[in-house]
Amino acid sequence: MPVNLQKGQKVELRKSTGGELNRVIVGLGWDEMKTTKSFFLRKNRQEIDCDASVFLLQGDKLLTANDVVYFGNTTHESGCVRHMGDNLTGGSGQRNDDEQIIVDLMSLPMQYNKIVFVVNIYQAKERKQHFGMLQNAYIRICDENGQELCRYPLNENYQNMTAMIFGELYRYNGTWKFSAIGQPTTDNSVAEMTGRFR
């Protein structure tokens, strides 16, 4: 049975049948509120475009731009983290995920101790958009067969917040764990968010 997490909770990741995981699929999803969406259409405004990104940390720090995986750099140089592509509107992703990232845990070089998953709204300030206009946001971890292991739904009010640190995978005593973070920020781009991990 998949585990439903609350903010701040951590869970050790293992196959649903037990044993070590070789690879995980990280799915992120969100929906634009119907009232917001209809308002935007009436005003000829653009729909909300959320972008998922991944930061690979060494010693809890982001040391180089090469360790950022996003729509402009979809595969990490190690080949162990792959972004499956940018979905320009929420609520239309495959399997209900708007964007997916595949992480090869077994092959990831040992110098990386954390993998952080963030989402920002593209040009949020210019378009006057924020996470308070979204609903049903979540991050979930699945095994390589698509079996869901855990899910963290974001249920708080994120009015005027333009980006979100959803959660992180991290090494602990030779195993991988997932931490549900759910920390909103007012960053307006992936580049701004990287400054939090330098």
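This is a predicted model: local features need pLDDT of at least 70, side-chain atom pairs count only at pLDDT 80 or more; totals for chains, interfaces and linings use all residues.
For the labels, buried is under 20% relative accessible area, exposed is over 50%, and partly exposed is in between (1.4 Å probe, protein chains only).

Residues are numbered from 1 along each chain as its sequence is written, and side-chain values use heavy atoms, with hydrogens and water left out.

I searched the whole structure and got 11 salt bridges. One of them joins E156 to K7, at 3.6 Å between the closest N and O atoms. That pair links distant parts of the chain: E156 is in the loop between strand 10 (148-153) and strand 11, K7 is in the loop between strand 1 (3-4) and strand 2, and they are 149 residues apart. Helices (H or I, at least four residues) and strands (E, at least two) are DSSP runs, numbered from the N terminus. E156 is partly exposed at 44%, and K7 is partly exposed at 43%.

I also checked K114 and D60, whose side chains meet in a salt bridge at 3.5 Å, N to O. K114 sits in strand 8 and D60 in the loop between strand 4 and strand 5, 54 residues apart. D60 is partly exposed, with a relative accessible area of 39%.

Then I found a network of salt bridges linking D97, R140, E148 and R151. R151 turned up again over the face of Y138, 4.4 Å from the ring centre. The test there is NZ of Lys or CZ of Arg within 6 Å of the ring centre and within 35 degrees of the ring normal.

**Strands.** Is strand 3 enclosed or open to the outside? I counted 8 of its 10 residues (23-32) as buried, so strand 3 is largely enclosed by the rest of the structure. The pairing rule is at least two DSSP bridges between two strands. Strand 3 pairs with strand 7 (residues 99-104) in the antiparallel sense over 6 bridges, and V24 has V103 as its bridge partner there. Strand 3 also runs antiparallel to strand 9 (residues 134-143), over 8 bridges, with L28 opposite I139.

Next I traced an open sheet of 6 strands, antiparallel, in the order 2-12-11-8-4-5. Strand 2 (10-12) and strand 5 (68-69) stand at the edges with a single partner strand each, so one side of each has no neighbour in the sheet. Inside that order, 7 bridges join strand 8 (residues 114-121) to strand 11 (residues 163-172), and V118 has I165 as its bridge partner.

**Rings.** I get 2 aromatic pairs, with ring centres of Phe, Tyr or Trp (its six-membered ring) within 6.5 Å; planes under 30 degrees apart are stacked, over 60 edge-to-face, and the rest tilted. F55 and F197 are edge-to-face, at 5.4 Å centre to centre and 65° between the planes. F55 lies in strand 4 (residues 50-57) and F197 in the segment after helix 3 (190-194), so the pair ties together parts 142 residues apart in sequence. Both are buried. Y70 and F71 have ring centres 5.4 Å apart and planes at 75°, so that pair is edge-to-face. Y70 is partly exposed at 27%, and F71 is partly exposed at 41%.

Definitions and conventions: A salt bridge is a side-chain nitrogen of Lys or Arg within 4 Å of a carboxyl oxygen of Asp or Glu.
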